[in-house]
Amino acid sequence: MSLKNLLAVFFILTAPGLAAPPNIVWIIADDMSPDTGAYGQAQVKTPHLDRLAAEGRRYARAYSTAPVCSSSRSAFILGCYQTTTGLHPHDTENPQPLPAPYQPLPTLLREAGWFVTNAAAPGTVRSGKKITKGKTHYNFAHDAKTLFDGDEWRKRKPGQPFFAQFQITEPHRPFPIPESFDEAALAAIKLPENYPDHPLVRRDWYAYQRSVEVVDQRVGAILDQLRAEGVLDNTIVMFFADHGRPMPWGKQWLSVEGLQVPLIVRGPQIAANQVEERLVSLIDLAPSVLKLAGLPVPAWMQGQAILSGDFPAREQLFAARDRCGDAMDRVRAVITPDRWFVRHFSPEQSRLNWSSYKEDQYPGMPLLRELQREGKLAAFPAQWLAPTRPETELFDLTADPQSLHAIRDPKSSADLNARLDRWITETKDQGAKGDPTTEPYLADIQKAKRADYQRTWKKRLNNPEPTDAEKVGWWMKSYHLDAADAVP
Ligand SMILES: [Ca+2]
């Protein structure tokens, strides 16, 4: 530790008249919409998260700045839109060091004397393997060994405040497929209108919901750990997800489903049973933590502190999607208290634009196309498969809280379009340039990912390029369905 850091710790530990500085814990779920009891999903059993909400504050309108892991994570760890920092392409192949003046939150807290860790949530297992390494997935070059003081917050010095991140791998795909399905629970699932009501879709959502219940158990284990060490009541616990659920019209889309996340905060000076209705963004978390820690918020951070309760209501938030793996697609969204506005920069593309990740992991992709081919898709979900998209879309959140039915209101569209233009200029949105020049050519990325896709399907079906019907058949079998179940 440098002399500066030692002095900082000394100050924190000895400053007279100051309450002990708070510890900060981030518990981060991977790919989760607000699908908990407290958020109104009674059929998903989330007692620990519901208790956390009852003991603290639930943000009813929290959004990620990107509907995909690494772009969103790059933004919230810096408190700054990923489009400003040039960290917008998801799964950047060749990450570069962060340019000045940007510094991730762990670095800022570490330099101020906090003990900073990043760990997988206790009990994490993926495909039968125990996971101990905490996810970072930032689109900038970093070394977890120097970014963090390890993965165990209990190794801090006596009295040293800590900032611990716990990464929960659920409900990221692949979901464990349940051995059996509760018929009543399957029937009770409320599918959004843009999904076909098909047994495979219901079972896939059922598996997702069970995976959310695992998130809840992990949260319970983390809170037990804090309680057992006697630090829970001097710790601000913030639970959130990096973006919305991994379904065809959620993750990777600038829809409510893709961007709205649960955000629950509990700790000293947070009164119980509060619901916050103002718009907040995940880039608000880093400045909130700095303010709580009594540290200066750098001028380059674009979020605002939202913990004290006296933050100004915003007129709008913004969100962006750029290249996601092999799918190049620039889209921007403006979110206001009652409107949702989307601009597609490539309206000539279908929404079902090829994505090897989705084609490997989402039963809904081949199913949507296959049902359409067979003429079994209802008119509304079928609209989402049109070969092109409009340049802009406007939704009225008061009447349509999931942003499904576009409305025509030219005055409102013009206003939001102008706000988006201003934001693009003012925040120096890098998206128009596409990928940074340090990235491989798109065609090469696509070729490599297509090869991964072919390997996956060769393993599953001994066929590297199966038809949609064959893929649906494989998914049906995986979900214990037979062909007779496919008749809607
Ligand atoms: Ca994610």
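**Notes on the predicted fold**

1. For the cut-offs, buried takes 20 or more other C-beta atoms within 10 Å of a residue's own, exposed takes 12 or fewer, partly exposed is in between, and the C-beta atoms are placed from the backbone. P298 sits in the loop between α10 (285-292) and β13 (317-321). Helices (H or I, at least four residues) and strands (E, at least two) are DSSP runs, numbered from the N terminus. From P298 to G325 it is 27 residues in sequence and 31 Å in space, C-alpha to C-alpha.

2. A word on what you're looking at. The model is predicted, with local features needing pLDDT of at least 70 and side-chain atom pairs counting only at pLDDT 80 or more, while totals for chains, interfaces and linings use all residues. Numbering runs from 1 along each chain as its sequence is written.

3. Overall build: the chain has 16 helices and 16 strands. Its radius of gyration is 22 Å, close to the 23 Å that the globule rule gives for 488 residues, so the chain is as compact as a globular protein of that length. (That radius is taken over C-alpha atoms, and the rule is 2.2 Å times the number of residues to the power 0.38.) The C-alpha trace spans about 75 × 50 × 45 Å along its principal axes. Of the 488 residues, 47% are buried. Among contacts with a separation of 6 or more, 73% are between residues 24 or more positions apart; a contact here is two C-beta atoms, placed from the backbone, within 7 Å.

4. Now the core. The largest nonpolar core holds 115 residues, and I27, M238, F239, F240, A286, A319 and A333 touch the most other members. Helix α8 (residues 199-228) supplies the largest share, twelve residues. By nonpolar core I mean buried Ala, Val, Leu, Ile, Met, Phe, Trp, Tyr and Cys residues joined through C-beta atoms within 7 Å. Not counting residues up to four places away in sequence, A319 touches Y63, S64, T65, A66, L254, L259, A333 and I335.

5. Strand β8 (residues 235-241) deserves a look. Seven of its seven residues are buried, so β8 is largely enclosed by the rest of the structure. T235, V237, F239 and A241 lie on one side, with I236, M238 and F240 on the other, and both faces are covered. β8 pairs in the parallel sense with strand β1 (residues 23-29) over seven bridges, where I24 has I236 as its bridge partner. Pairing here requires DSSP to find at least two bridges between the strands. Strand β10 (residues 263-266) runs antiparallel to β8, joined by four bridges, and V265 of β10 stands opposite M238.

6. Strand β4 (residues 115-120) is where F115 is found. F115 is buried, with 22 other C-beta atoms within 10 Å. Beyond its neighbours within four places in sequence, F115 contacts D149, W153, R156, Q160 and F162. Q160 is 45 residues from F115 in sequence but 6.7 Å away in space, C-alpha to C-alpha. Six of the six residues of β4 are buried, with F115, T117 and A119 on one side and V116, N118 and A120 on the other. Six bridges link β4 to strand β7 (residues 162-167) in parallel, and N118 has Q165 as its bridge partner in β7.

7. Two helices to check. The 30 residues of α8 should span 44 Å at 1.5 Å a residue, and its end C-alpha atoms are 44 Å apart, which agrees; the expected span is 1.5 Å times one less than the number of residues. Just after α8, G230 takes a positive phi of about 75 degrees. In α16 (residues 468-478), K471, V472, W475 and M476 are buried. These four cover an arc of only 140 degrees around the axis, which puts them on the same side of α16; the arc is that of the directions from the helix axis to the C-beta atoms. The buried residues of α16 pack against α8 and α12 (364-373).

8. Lastly, an open sheet of three strands, in the order β9-β3-β12, has mixed pairing. β9 (260-261) and β12 (280-281) are at the edges with a single partner strand each, so one side of each is left without a neighbour in the sheet. Strand β3 (residues 62-63) pairs antiparallel with β9 over two bridges, and A62 has V261 as its bridge partner.
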